[in-house]
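Thank you all for coming; let me put the chain on the screen before I say anything about it.

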Amino acid sequence: MNLNQIFNMFARMVTRRAVNWGMNKGIGHVSKRMGGTTAKGQPTSAANKQARNMREATKRARQAARITRRMGR
């Protein structure tokens, strides 16, 4: 492994972390502006329900992707 490969690997790791951090911050900022929290900063029951539904939908989508990959083999 040469120095260029090591540098590129490190740069990708740092960039990935920075992008993930920024996306999480941006999504959190937008959800606060959209009224997803109460005055004390706690999520509302509607926001909790929506977050739970999104997590379940994501779980189902990942499961469907796994199943289709298995079927394709």
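Predicted model: local features only at pLDDT ≥ 70, side-chain atom pairs only at ≥ 80, totals over all residues.

Residues are numbered from 1 along each chain as its sequence is written, and side-chain values use heavy atoms, with hydrogens and water left out.

The chain has two helices and zero strands, taken as DSSP runs (H or I, at least four residues, for helices; E, at least two, for strands) numbered from the N terminus. Helix α1 covers residues 3-33, and leucine 3 lies in it.

Is leucine 3 buried or exposed? Leucine 3 counts as exposed because its relative accessibility is 68%, where exposed means over 50%, buried under 20% and partly exposed in between, with a 1.4 Å probe and protein chains only.

Of the 73 residues in the chain, 3% count as buried. The chain exposes about 7,100 Å², of which carbon and sulfur atoms supply 58%, by the Shrake-Rupley method with a 1.4 Å probe.
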